[in-house]
Amino acid sequence: MSQRIAVIPGDGIGCEVTAAARTVLDTVCRRHGIELSYDEYDWSCERYLRAGAMMPADGLDVLRPYDAILLGAVGAPGVPDHVSLWGLLIPIRRAFRQYVNVRPVRVFEGVDSPVRGARAGEVDFVVVRENVEGEYSEIGGRLGRGHPEEMAVQESVFTRAGVSRIADYAFELARTRRRHVTSATKSNGIVHTMPFWDEVVTERAAAFPDVRWRSEHIDAVAAKFVLQPGSFDVVVASNLFGDILSDLAAAVAGSIGIAPSGNLDPTGAHPSMFEPVHGSAPDIAGKGVANPIGAVWSAAMMLEHLGHAAAARGVLAAMEATLREPGTRTRDLGGTADTAEVTAALVDHVAG
Ligand code: NAD
Ligand code: IPM
Ligand code: MN
């Protein structure tokens with residue numbers, strides 16, 4: 001029986017890179033005898049402008065029965081970001097309790113890191129971002145609009161259950177890797193939530209005596225990503241800290257166009273969602289030059305999540321081979337290839 005995938009290409013380059021990922025998936029699935037079936041949904045800013053909503057009122061119910069969701073990116077000029085993102089992306093993460101956002105970072109052979117000395121094989125870590133609470137809360141708003149005293153306030157919400165489960169995920173992941181966790185904190189500032197984060201992470205760490213760990217302030221972690229990116233294994237962070245760290249990490253690894261992500265409900269009760277870390281990139285949308293690797297790597301993570309580890313490894317190997325060749329790198333990596341050329345190279349390598 002085939003596994004069912006909901007595909008939401010979204011806006012801008014989201015559509016271009018999702019099409020590339022689908023092409024690679026078709027090839028790798030044929031090769032490995034995997035049956036996936038796809039339904040594509042046009043939920044996007046274009047739909048918002050046409051129909052007044054990013055997705056239908058029953059959109060989440062439509063997605064619920066799928067085995068996984070593959071998303072491109074959301075956001076377009078002319079639609080405020082808080083409308084597009086709170087109308088589609090964020091509700092999916094929250095409704096389906098996708099409380100882990102796992103974002104691997106690697107410097108690939110052939111890719112120049114802007115960081116001196118960051119070489120392939122030496123930088124290989126994972127940002128584990130808390131994905132449903134923390135600074136991304138719905139509590140707050142603007143007060144006194146237009147008054148001289150006008151203000152905006154927002155509550156951060158950290159729960160014991162929420163911090164415990166993301167810490168557990170990070171420590172368990174570290175057990176499958178180099179057994180080291182860095183917890184990003186800011187308990188030295190006037191941030192009431194972070195001493196609580198530290199307390200809960202410390203408690204959970206005690207359950208993993210075989211994993212080394214340290215707590216480091218987010219500002220210092222940011223500097224160390226640049227100065228010693230090879231020193232990290234698993235980095236666990238709150239929603240906002242993890243968001244910022246993952247773009248920084250992607251840049252250290254050469255381009256945000258490569259970075260993948262999995263929004264996971266590790267309990268399996270809901271579908272998980274796979275999407276590149278980057279956005280809809282209106283500055284290059286429609287030009288056919290977007291780097292499809294972030295979306296393709298995300299699709300590989302989806303294959304792994306669905307139990308197809310060998311196929312996922314095949315896609316990773318194809319990515320490595322494609323990035324190694326100067327002729328099949330996109331402009332964000334200093335190359336000249338367009339999306340179609342990179343996709344064709346990936347397909348050739350996957351097909352063997
Ligand atoms: P962005 O990631 O879209 O673009 C940042 C820069 O990186 C741009 O210069 C862009 O050209 C470049 N870039 C991004 N992906 C690339 C790729 N695959 N290949 C080559 N270059 C690439 O971030 P932004 O400009 O802050 O946001 C643009 C829109 O996307 C906004 O509406 C934002 O809210 C939205 N956004 C959506 C998501 C999502 O859906 N998950 C994530 C981030 C931003
Ligand atoms: C990401 C994005 C989103 C986030 C935005 C678009 C809401 O930046 O997936 O990293 O902050 O989670
Ligand atoms: Mn982000």
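1. Over residues 4-346 the chain is 40% helix and 19% strand, and the end C-alpha atoms lie 23 Å apart. Helices (H or I, at least four residues) and strands (E, at least two) are DSSP runs, numbered from the N terminus. The UniProt annotation "domain: Isopropylmalate dehydrogenase-like", from an unreviewed entry, covers residues 4-346. UniProt positions follow the numbering used here, feature names are shortened, and annotations may be inferred rather than shown by experiment.

2. This is a predicted model: local features need pLDDT of at least 70, side-chain atom pairs count only at pLDDT 80 or more, and totals for chains, interfaces and linings use all residues. Residues are numbered from 1 along each chain as its sequence is written, while chains are lettered from A and ligands numbered from 1 in the order in which they are written.

3. Take helix α1 (residues 13-32) and helix α11 (residues 339-351). Their axes come within 9 Å and cross at roughly 15 degrees. Axes are lines fitted to C-alpha atoms, for helices over the stretch in contact, and angles run from 0 to 180 degrees between N-to-C directions.

4. Who meets whom here? On the α1 side are Glu-16, Ala-20, Thr-23, Val-24, Thr-27, Val-28 and Arg-31; on the α11 side are Thr-339, Thr-343, Leu-346, Val-347, Val-350 and Ala-351. Contact requires C-beta atoms, placed from the backbone, to lie within 7 Å. By class, this contact has seven nonpolar, four polar and two charged residues. Ala, Val, Leu, Ile, Met, Phe, Trp, Tyr, Cys and Pro count as nonpolar, Asp, Glu, Lys and Arg as charged, and the others, Gly among them, as polar.

5. Next, helix α7 (residues 218-227) and helix α8 (residues 239-252). Their axes come within 10 Å and cross at roughly 10 degrees. α7 and α8 are therefore roughly parallel to each other. Ile-218, Val-221, Ala-222, Phe-225 and Val-226 of α7 make the contact with Phe-241, Leu-245, Leu-248, Ala-249 and Val-252 of α8. By class, there are ten nonpolar, no polar and no charged residues.

6. Ligand 1 is surrounded by 22 residues; the closest are Gly-75, Gly-257, His-278, Gly-279 and Asn-291. A residue is near a molecule or strand if its C-beta atom, placed from the backbone, lies within 6 Å of it. α4 gives the most to this shell, with three residues. The shell has eleven nonpolar, seven polar and four charged residues.

7. Around ligand 2 stand Leu-85, Leu-89, Asp-243, Val-277 and Gly-279.

Note on methods:
Two residues are in contact if their C-beta atoms, placed from the backbone, lie within 7 Å. Angles under 35 degrees count as roughly parallel, over 145 as roughly antiparallel, 65 to 115 as roughly perpendicular and the rest as oblique.
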